[in-house]
Amino acid sequence: MAESTFYSVPSSLLKAEQNGRRRRRKTVRSCTFCRQRKLKCDQQKPVCGSCKTRKLPECVYTDGFNFQLTSDELFEATPNVALIKRIQQLEDELKQLHNNDPEAVNKEEPLQENFKEIHGYTGGNKVLDFRFLTIGQDSYVCYGPTAIQTAITASGERFVVEYRKLWQRVEIECLHWESTHTTTLKQERSPSECPLDGTVIEAVIKDLPSSNVMFTHLKEFFESPLHEYYQFLDEEKVLFDFNSCFVHTSSIIGDADASETMSLARHDEKSLFIIGIVTELLCFTYFKKNVPVSIQNFRIWLTGLSVTELSYIEKAQYLLLQYLFKVYNSQGDVQSPHLANLVSNLCNTTTNLGLHEDIFALYEGQEYLVGRLCTLQNLFYWTLFADLHMAFDMGRPLHITDEYFDDFKLSTNERGRIPLLRNYLYIGRKCMKEVFDPHKDPDLEHLIDELISFMEQHFRPIRYYTDRKLVQQVDLFEIMILSPVLMMIANFYNLRRILCTELTMIIKNGFIKFVLMSLSLSINTILRCYELDQEYYPDEIFSNEKDLTPFLHLSLLLGNSLLMRSMMELYGLFFFKVALFEKGLIVSTDQGMFDLSLDDFDVPGGDFLSFRGIFNKFRLIFDELFRPEYSTLHRILINSHYFTKIIALEKVNRTIFEKGLESRTQVEVDHNWSQVDFDQISDEIFQMMTDNFWANYNQKFSGLIQMDPSCFLTDFDQFSQSI
């Protein structure tokens, strides 16, 4: 796991980084006159020696301020002394107002107006201060408030440290898995690692199957749920382009069978993206996880900087296919910067093409070149979907903003899959724009209510998705839309829990309820897709499958990051609660009673839910995957890097939490915690209990860290041995 920290990046540091150097930020202690002229300042106050010698009217210092300034922030051509003085004056006035009347700051509008004049300040959004910086090998990625990484840090720095130590051990076993399970789905590489000449295309042509095989698998894609759900490709146009772009010739030597050779009939830029569409479709149906290196190089080349100025409908279709393929195979994390850059490229391409405008008016008469116009409209809707997903997972604002598109065009009273997608985009984009509004705090409670109303209006009762038997009656497309809605609700509850000064039982219990709903939906989706694969495949083929079967692959698209989010956010809360001694939470006497229903949206506002009960419910839902009757499923999942990693993550988190729970219980018993009158407990006693917990936990953890890392992946090993 990459080293991580909270960080706010000032503009001066960004400038320094752009110039190829790093600058250490420090308080300016010399006076402004000496600082600008690079004189040695003796720092005498109120007037330094240099200013006194020159008989200057004023000597201004900045080290007394409650903020730090660098020279880049203080000086342009001359020192901004007026600004410095005005800031100091405003700070003094604020202090005086606060001392005389704590409420006066909110009442004094002229003071606020003066502050706005100087800083351009129009209000603030404290949610945006909640961010997280991951630090790799000389690389950095900043995640915002809705990202999983940021939510995990709310569990406390100690949890992150313990998690990192244990996960580093497990990574060893994950690398071992990669070496023993052959796949050509590699991590992203830089475009500079790929040759930018005709040999790339020639290598792709050599690795393609015969024209008959290609045609068969292209037809297979258009008969699959992937095309049925997304509908952004015109089948007739794709097959026409395939036949017109590729030249197929056969030669017969003696009595030998005919051998086929293939070449390109066209060599223009547009044909590159036609080749890209064909190869991506073959990756779904023919190559699967064994994608030839030539196609990987071609993929990197085609999305590189050399073609960013080109705008073709085929380019947008190709980029969306590539995005779907990566999620479909869980190639890299859903929060991958590579995936974010891909989506950014997709958004730019669709807006350059004008797909955010009235497509039917703009492209009227162009159907013979671009295909059916309804597929272009769907192409833009799914671009908005990818933009919304990536913005939420990375914790960033939307790429396609109101300046490009009027969201009111999305809302519709029609029924069907695409209308459901449109209505989700309308409410989802509205939520994200409010969360990232820089001028005011989002009304998270209201957003949660709106999302729940959306589910009540457009979906079956929630029990059809959380009940293992009822989910069989559900159209899987609905799960693809319901998953991000539940992700948003759980995340907004979590943000309320983290940022709210006065936590209520509604906030705590709401977060728990919707995370458990998300987990239940994820597990039920995997098992439902497994059942559909059993119906789809003959027994003899299904039992020998070495890759994820089609519907199990589809489950990755349907759930996206829902399973990872529900698991990580809940375990983070678990560890945070056991390490925090607070009023009312006693785990040593908790019998694990649990009466929270997942069949409705009602959140209990009375007592906090049983701590052990929540944990036991979580395990009960997650462990449905490991029931003995799913032995064939286990055989298939062991071939998936994604599912292997999910199981390892869950076991790491469960181990950390169980050790923490043991330590918490032991400390409570040693100190008769259940007999304590909390109203009489001082902060010092709470701190002592916390120190005792960590001492107890460290003793247990020292043995844990010496475990063989393979122990965290033994679940799948046992499955494979038992079959």
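**Stop 1**

Start by selecting Gln-231, which sits in the loop between α12 (225–230) and α13 (235–245). Helices like these are DSSP runs of H or I with at least four residues, strands are E runs of at least two, and both are numbered from the N terminus. Before going further, know that this is a predicted model, where local features need pLDDT of at least 70, side-chain atom pairs count only at pLDDT 80 or more, and totals for chains, interfaces and linings use all residues. Residues are numbered from 1 along each chain as its sequence is written, and side-chain values use heavy atoms, with hydrogens and water left out.

Most residues other than glycine have a negative phi, and most peptide bonds are trans. Gln-231 is partly exposed, at 26% relative accessible area. Buried means under 20% on that scale, exposed means over 50%, and partly exposed is in between (1.4 Å probe, protein chains only).

Now jump to the loop between α2 and α3, where you'll find Gln-43. Gln-43 isn't a glycine, yet its phi is positive too, about 60 degrees. This residue is partly exposed, with a relative accessible area of 39%. Stay in the loop between α2 (32–37) and α3 (49–53) and pick Pro-46. The peptide bond joining Lys-45 and Pro-46 is cis, with omega about 10 degrees.

**Stop 2: the big picture**

Zoom out and colour by secondary structure: the protein has 33 helices and five strands. Of its 723 residues, 53% are buried. Take contacts (heavy atoms within 4.5 Å) with a separation of 6 or more: residues 24 or more positions apart account for 74% of them.

**Stop 3: the largest core**

Next, select Tyr-323, Trp-382, Tyr-424, Met-455, Phe-492 and Phe-514, which touch the most other members of the largest nonpolar core, a group of 191 residues. A nonpolar core is a set of buried Ala, Val, Leu, Ile, Met, Phe, Trp, Tyr and Cys residues joined through side-chain atoms within 4.5 Å. Helix α24 (residues 476–499) gives the most to this core, 15 residues. Why does the core lie between domain 2 (116–189) and domain 3 (452–475 + 486–722)? Because both domains give residues to it; their bounds come from an automatic or database domain assignment.

Click on Trp-382 and show its surroundings: among the residues it touches are Tyr-229, Phe-232, Ile-418 and Met-480, leaving out those up to four places away in sequence. Another core lies apart from the largest one, with eight residues, including Phe-33 and Tyr-61.

**Stop 4: two crossing helices**

Show α17 (residues 337–352) and α20 (residues 373–394), whose axes come within 10 Å and cross at roughly 145 degrees. Those axes are lines fitted to C-alpha atoms over the stretch in contact, and angles run from 0 to 180 degrees between N-to-C directions.

**Last stop: Glu-658**

Finish in helix α31 (residues 641–670) by selecting Glu-658. Glu-658 is partly exposed, at 29% relative accessible area. Which residues does Glu-658 contact, leaving aside neighbours within four places in sequence? They are Phe-615 and Arg-619. Try the distance tool on the C-alpha atoms of Glu-658 and Phe-615: 43 residues apart along the chain, they are separated by 9.9 Å.
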